[in-house]
Amino acid sequence: MQRAIAITKWAVLCLALIWAGPTFAQSDEGVLFELGAADAKVEVIEVVSLGCPTCKSFHRDGGTFEVFRDSYIAKGHVRWVIRDHFWTKFDFWTSRIVRCGDMVGREARMAKVLERQAFIAQDRDPQGVVNRLVAVAGEMGITPAAANACLQDAVGAELHVTTHRIFLERYGLVNEPRMGTPFFIVDGEPVWFDDHQVDYQRVNAAIARRLLEVD
């Protein structure tokens, strides 16, 4: 129980840090992982929340993401950068589990936690969420000791939060009511939706237009 209480207090502090006070960081731990050629003509940043059902639909079960992957990433046109946003402390803890291990495995770990999203968040009991996250980590070959160490990593968590704050400030997204998840930034320009209704055709149009501009 002491471990769960410590995690909860740290997560609350981290979420508070996103929205208040100056922040400083020397690296970009906010990036979850990247796909595509480093020298691709266009960069797309996708902001995903690991507790977001729409994000799950986008990435899982032959979702729309595969269309973007086949059309742009696989052909070398786009470098796709995935960053995570945490609306709640539970999203944050899930992200810490995805980051538990080397970056090469993060896409697979993200896919797993999205698949198990309903199981992880079946109630809002902090201890229950932590226990289920540790169980899902076990399905990915992460031992309970390693999973708990990742959840308790205060230094990594603080770096994660501060770099995310810097990212939000960079694109004017702090307290921006139009921002939801998934959210997309195409070569530095946010793609806004109407009434938080995700419009992938608008994202596709923004990418296609930018590719024509840089050719």
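Student: Which element supplies the largest share of the lining of the largest pocket?

Tutor: Helix α10 does, with four residues. Keep in mind that this is a predicted model.

Student: Which elements give two or more residues to that lining?

Tutor: Two are listed: β5 (189–191) and α10 (200–214). Now read the residues themselves. The pocket is lined by V186, D187, E189, P190, V191, A206, R209, R210 and E213.

Student: How much space lies in the largest pocket?

Tutor: About 150 Å³.

Student: Let us turn to charge pairs. What is the general idea?

Tutor: Side chains of opposite charge can pair when their charged atoms come close. In this structure there are 17 salt bridges.

Student: Take R96. What is its salt-bridge partner, and how far apart are the closest N and O atoms?

Tutor: The partner is D153, and the closest N and O atoms are 3.8 Å apart. R96 sits in helix α4 (residues 89–98), while D153 is in the loop between α8 (144–151) and α9 (154–170), so the bridge ties together parts 57 residues apart in sequence.

Student: Is R96 buried or exposed?

Tutor: R96 is buried, at 6% relative accessible area. The cut-off for buried is under 20%. D153 has 34% relative accessibility and counts as partly exposed.

Student: What does E139 pair with?

Tutor: E139 forms a salt bridge with R116, with 2.9 Å between the closest N and O atoms. E139 belongs to helix α7 (residues 126–139) and R116 to the loop between α5 (106–115) and α6 (117–120), so this pair ties together parts 23 residues apart in sequence. E139 is partly exposed, at 39% relative accessibility. R116 is partly exposed too, with a relative accessible area of 24%.

Student: Which residues are linked with E139 and R116 in a network of salt bridges?

Tutor: R60, K112 and E115 join E139 and R116 in that network.

Student: Which residue meets R178 in a salt bridge?

Tutor: E176 does, at 3.0 Å from N to O. R178 is partly exposed, with 44% relative accessible area.

Student: Now the interior. Where does W80 lie?

Tutor: W80 is in strand β3 (residues 78–84). Check its accessibility next. W80 has 0% relative accessibility, so it counts as buried.

Student: What is W80 in contact with, leaving aside its neighbours within four places in sequence?

Tutor: The contacts of W80 are F33, E34, L35, V44, E46, F58, F65, F68, I73, F184 and I207. Take L35 as an example of sequence against space. L35 and W80 are 45 residues apart in sequence, yet their C-alpha atoms are 5.0 Å apart.

Student: Step back to the chain. What share of contacts with a separation of 6 or more joins residues 24 or more positions apart?

Tutor: The share is 73%.

Student: How many helices and strands are there?

Tutor: The protein chain has ten helices and five strands.

Student: What percentage of the residues count as buried?

Tutor: Of the 215 residues, 47% count as buried. W80 and R96 are two cases treated above as buried.

Note on methods:
Residues numbered from 1 in each chain as written. Predicted model: local features only at pLDDT ≥ 70, side-chain atom pairs only at ≥ 80, totals over all residues. Heavy atoms only, no water. Salt bridge = Lys/Arg side-chain N within 4 Å of Asp/Glu carboxyl O. Buried < 20%, exposed > 50% of the residue type's maximum accessible area, 1.4 Å probe, protein only. 1 Å grid on protein atoms, 1.4 Å probe; cavity = no way out; pocket = protein on both sides within 12 Å on 5 of 7 lines; lining within 4 Å. Points joined across faces, edges and corners; volume = space filled by probe spheres on them. Contact = heavy atoms within 4.5 Å.
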